[in-house]
Amino acid sequence: QVQLVESGGGLVQPGGSLRLSCTVSGSSRSRFRIGTMGWYRQAPGKERELVAVVSSGGTTTYADSVKGRFTISTDNAEKLVSLQMNSLEPEDTAVYYCYAERWGGPSYWGQGTQVTVSS
């Protein structure tokens, strides 16, 4: 059993910052070898889109809309991924979902955490 536990969502004013974190938990945590881990988001009426991911080789991929503002980081030993979000804009408002893929295995999604950017 594997679960992705997210934290850090909330309400922030435009130009503010927020940090999201996600950890792998559950009975299979010790056997979970991370292949890819990162974040997606979904705004009302829109498709879920990639925000930032890190591959097992350390390669990072960012959506064009967040480049220069968001930074993804991982701690493989702790099976943790974080997303530092700076210079937040109202367009960043969405439910953010943690994503993790076992090395050579299936993928998992978190429950989602709401990020609202508003004055």
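**Contacts along the chain.** I began with contacts, meaning heavy atoms within 4.5 Å, and found that 54% of those between residues at least 6 apart in sequence join residues at least 24 apart. I kept in mind that this is a predicted model, in which local features need pLDDT of at least 70 and side-chain atom pairs count only at pLDDT 80 or more, while totals for chains, interfaces and linings use all residues. Residues are numbered from 1 along each chain as its sequence is written, and side-chain values use heavy atoms, with hydrogens and water left out.

**Overall build.** I looked up the secondary structure, where helices (H or I, at least four residues) and strands (E, at least two) are DSSP runs numbered from the N terminus, and noted zero helices and 11 strands. The C-alpha trace spans about 45 × 25 × 25 Å along its principal axes. Of the 119 residues, 41% are buried, where buried means under 20% relative accessible area, exposed over 50% and partly exposed in between, with a 1.4 Å probe and protein chains only.

**Aromatic pairs.** I searched the whole structure and have four aromatic pairs to record; rings of Phe, Tyr and Trp (its six-membered ring) pair if their centres lie within 6.5 Å, and planes under 30 degrees apart count as stacked, over 60 as edge-to-face and the rest as tilted. Phe32 and Tyr108 form a tilted pair, with 5.7 Å centre to centre and 55° between the planes. Phe32 lies in the loop between strand E3 (18-25) and strand E4 (34-42) and Tyr108 in strand E10 (residues 107-109), so this pair ties together parts that are 76 residues apart in sequence. Phe32 is buried at 4% relative accessibility, whereas Tyr108 is partly exposed at 21%. I also noted one aromatic cluster, formed by Tyr40, Tyr99 and Trp109.

**Charges over rings.** A charge sits over a ring if NZ of Lys or CZ of Arg is within 6 Å of the ring centre and within 35 degrees of the ring normal. Arg48 lies over the face of Trp109, at 4.7 Å from the ring centre, and the charged end of Arg33 sits over the ring of Trp103, 4.4 Å from its centre.

**Lys79.** I then turned to Lys79, in the loop between strand E7 (70-75) and strand E8 (80-85). Lys79 is buried yet has no salt bridge (a side-chain nitrogen of Lys or Arg within 4 Å of a carboxyl oxygen of Asp or Glu). The nearest side chain of opposite charge is Glu78, 8.3 Å away, with Lys and Arg counted as positive, Asp and Glu as negative, and His and the chain ends not counted. Leaving aside residues up to four places away in sequence, Lys79 touches several residues, among them Cys22, Arg29, Phe32 and Met37.
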